[in-house]
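Subject: Structure for you to look at

Hello,

Here is the structure I said I would pass on. Please open it beside this email and follow along.

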Amino acid sequence: MNEIDAIATILVIEDEQTIIEFLRTGLRYEGYRVEVATSGNEGLKRLRRGGVDLLILDIMLPDIDGFEVCRRLRESGHTLPIIMLTARKEITDRVRGLDTGADDYITKPFSFDELLARIRAQLRRVGHASENRVLRGADIEMNLETRTVQRAGQPVELTPTEFSLLELFLRHPRRVFTRDTLLNLVWGYHYAGETNVVDVHISHLREKLNDRPARLIRTHYGVGYAFHPEDAGSPAHREETRS
Ligand code: CA
């Protein structure tokens, strides 16, 4: 790991295009550098060049499988964190994965949030330049360690989904997220529900943040939603300054 480089590089070894795109998009949003190898041998070749901070490794690959990649890496002395992806739920896969030297595993289908939590835990464990554990936007403060949120110093109780939505907004102020992107990032790529589930959760989130009328989390009609921290001023205050 490079001391002056706080951006972690994540290598994804996976041959399924849907999952590659899901991971690439999501991890880039989160500020990681993402590289992809679509076979075990290609991945090993990339890892030999160095500069990878964490590996996301699928088990089912077109050439050598994930277990073998993992075994070879550990054998040659690589210590980077490895999170294995498995399509199978069998406990034997998990045990085998951990036996061959993986640090963690996640079963497909998984939510992006779940994977993100594992990635952060692994990067923290190896002491990668720690990311900011408190996110702020307008008068909102989110503590990622204690999973708590305050607005203007007052605690706000959020469900895990609302928390994830708000976290995404705080990380990317002013960025317009489409409903599909939010579904992808918060609910996971496998979510096959209606996109209005997003609207319902946004509505709850606004309610809890006392964002009525919506100023912080704004609707971009026909597109999606964006967080506007600069618009936190209270409606009353706005009226006064206008008159
Ligand atoms: Ca695969």
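Helices (H or I, at least four residues) and strands (E, at least two) are DSSP runs, numbered from the N terminus. The model is predicted, so local features need pLDDT of at least 70 and side-chain atom pairs count only at pLDDT 80 or more, while totals for chains, interfaces and linings use all residues. Residues are numbered from 1 along each chain as its sequence is written, and side-chain values use heavy atoms, with hydrogens and water left out.

First, the helices. His204 sits in helix α8 (residues 196-208). At 41% relative accessibility His204 is partly exposed, a class between buried (under 20% relative accessible area) and exposed (over 50%), computed with a 1.4 Å probe on protein chains only. Its C-alpha atom is 7.8 Å from that of Glu162, 42 residues away along the chain.

How do α6 and α8 cross? The axes of α6 (residues 160-171) and α8 come within 10 Å and cross at roughly 80 degrees; axes are lines fitted to C-alpha atoms over the stretch in contact, with angles from 0 to 180 degrees between N-to-C directions. That makes α6 roughly perpendicular (65 to 115 degrees) to α8. In the contact (heavy atoms within 4.5 Å), α6 supplies Thr161, Glu162, Leu165, Leu166 and Phe169, and α8 supplies His201, Ile202, His204, Leu205 and Lys208.

Next, the calcium ion. Glu14 (OE), Asp15 (OD), Asp58 (OD) and Met60 (O) coordinate the calcium ion at 2.0 to 3.1 Å; donors are N, O and S atoms within 2.8 Å of the metal (3.2 Å for Na, K and Ca), and water is not among the atoms, so sites may look incomplete. Asp15 lies in the loop between β1 (9-13) and α1 (17-29), and Met60 in the loop between β3 (54-58) and α3 (66-75), so the pair ties together parts 45 residues apart in sequence.

Regards

Key. Parallel < 35°, antiparallel > 145°, perpendicular 65-115°, else oblique.
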